[in-house]
Amino acid sequence: LISWVNSSANNFYKARMAIAKSIMARLLLTVGMIALAAQAAPVVPDDLSADQLSMVVDAAITRLAGRDTWWTDQKNKHSFENAVQVFTCTPDDTKWIWPAMEEAHGLLKRVFDSGELKVAGVQWGDGSVANYKTDPENPTGFWPEYLDAMVAEINVHYNTTITIKREYYDDSNLVIAAVADGRDVDMSEPYYYISGFHDNTPRIEALHSSCVTAGTQGNFITKAGSGITTMSQLYQAIDTGALKDVGFIAAGNAQSVSSILPPTTFKKIGITNDTQLADQVANGQIIAGYVSEGHPPQPERFNDLIPTGIVTPRVVLFRKDEPTCAGTETNDSGMVAGLVVLALAVLLLVGTLAIFIYRERRGVPVFPPLSKQEHYDVTTNEMHNMESNRH
């Protein structure tokens, strides 16, 4: 009988420990399954997703880039001397994806539904490179024809008649903001720098971009007769001379060449247009001006262009997607609350079990087996009870 009581006590203790471990394991498994379910929730593109539109634009760009003589013909036609072809995307029609029209979502679906591709840009003109001023609805030059060719490729592939609707803004900062927002426009013109910033965030991180459409080597212009005809001479003149002002139309232009100018340079940013920039160089207000496209107005007033040696990639800019998990708006708070409760329960149980195990290993279990004296007392009482029951 003593052996039976001792065995029962030990078995009872072991059973409690086994139950505690089992409960803890089940709670841990439940928490893990809920967490995995949350991670496995399907990702839903936002309503203004540009992912498919950017795929279509990339496919069109690579198709043009791989076409024999197309690039050279366009460059020569528009006398775009400082344009270079830059391959960030290898032309191969079998590799680039054209999303199915019936599966279109986000901005691409909006383009298909409206029949319009809304493009953001500014009104500027630089000879035959681009002229968005004379007839804003029908601009001419290298860049407008580049976009026309891209849309033509899209229409051929999908058998559509999509037209370009240009939205003009006062400056490039407003263009970038409209593209990032995505409600009024679908993308930017194809001439935008991938360098630069959107608010305080680098463009390359704040926005999505296409394959590079072209690379352009910027140039400095200096006044004819100034004796400044090379980068070395320009550097020396700024560093040692009294006039240190160099003119730029945009901050991004200044930032792109700051590494090749002396630290004493005063970067005069915000000049309205190429004409104003050229006039300030010609009348001696600034020592040089940065020209990103073509030649300045009345080029006879200036020395030959001074190449910077820096090639800047140009791209189409798109809104950066903000995908969400399906059902997150309604289920997130409940799921988080459930996980918190389960986690607290697991933490409490783990702590309790740890105390049990620690005390058991120290030889002082929380629920110790009956001692020999306790076994004896129990046995004696049981025997007395049995004797009493017989009489």
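**Helix 10.** I began with the packing of helix 10, whose buried residues lie against strand 4 (125–126), strand 12 (214–221), strand 13 (245–248), strand 14 (266–269) and strand 15 (288–291). I keep in mind throughout that this is a predicted model. Looking up which residues of helix 10 (residues 274–282) are buried, I noted Asp274, Leu277, Ala278, Gln280, Val281 and Ala282. At the start of the helix I found a side-chain oxygen of Asn273 that comes to within 3.1 Å of the backbone nitrogen of Thr275, and just after helix 10 I noted that Gly284 has a positive phi of about 85°.

**Strands 13 and 14.** I then turned to two of the strands that helix 10 packs against, strand 13 and strand 14, which run parallel and are joined by 4 bridges. One residue I followed across was Gly247, whose bridge partner in strand 14 is Lys268. Tracing the chain, I saw that strand 13, helix 9 (residues 251–257) and strand 14 form a β-α-β unit that is right-handed.

Next I looked up an open sheet of 3 strands, in which the order is 6-3-7 and the pairing is parallel. Strand 6 (163–169) and strand 7 (187–188) are at its edges, and because each has a single partner strand, one side of each has no neighbour in the sheet. Between strand 3 and strand 7, which run parallel, I noted 2 bridges, and for Ala120 the bridge partner in strand 7 is Ser188. Helix 6 packs on this sheet and touches strand 3, strand 6 and strand 7, with its direction at about 150° to that of strand 3.

**The cores.** In the largest nonpolar core, which holds 55 residues, I found that Trp143, Tyr146 and Met150 touch the most other members. At least two residues of this core come from each of helix 2, helix 3 (70–77), helix 4 (106–114), strand 3 (116–122), helix 5 (142–158), helix 6 (172–181) and strand 17 (317–318); helix 5 gives the largest share, 9 residues. Setting aside residues up to four places away in sequence, I listed Ile61, Leu64, Trp70, Trp71 and Thr213 as the contacts of Tyr146. Another core, of 15 residues, lies apart from the largest one and includes Tyr193, Ile238, Val257 and Ile306.

**Gln52.** My last entry concerns Gln52, which sits in helix 2 (residues 51–65). Is Gln52 buried or exposed? Its relative accessible area is 9%, which is under the 20% limit, so I recorded Gln52 as buried. Leaving out residues up to four places away in sequence, Gln52 touches Pro99, Glu103, Ala104, His105 and Leu108.

Notes
Residues are numbered from 1 along each chain as its sequence is written. This is a predicted model: local features need pLDDT of at least 70, side-chain atom pairs count only at pLDDT 80 or more; totals for chains, interfaces and linings use all residues. Side-chain values use heavy atoms; hydrogens and water are left out. Buried means under 20% relative accessible area, exposed over 50%, partly exposed in between (1.4 Å probe, protein chains only). Contact means heavy atoms within 4.5 Å. A polar contact is a pair of N or O atoms within 3.5 Å; within protein, one must be able to donate a hydrogen and the other to accept it, and residues adjacent in sequence count only if both atoms are side-chain atoms. A nonpolar core is a set of buried Ala, Val, Leu, Ile, Met, Phe, Trp, Tyr and Cys residues joined through side-chain atoms within 4.5 Å. Two strands pair if DSSP finds at least two bridges between them. A crossover is right-handed if, with the strands pointing away from the viewer, the path from the first strand over the helix to the second runs clockwise. Axes are lines fitted to C-alpha atoms, for helices over the stretch in contact, and angles run from 0 to 180 degrees between N-to-C directions.
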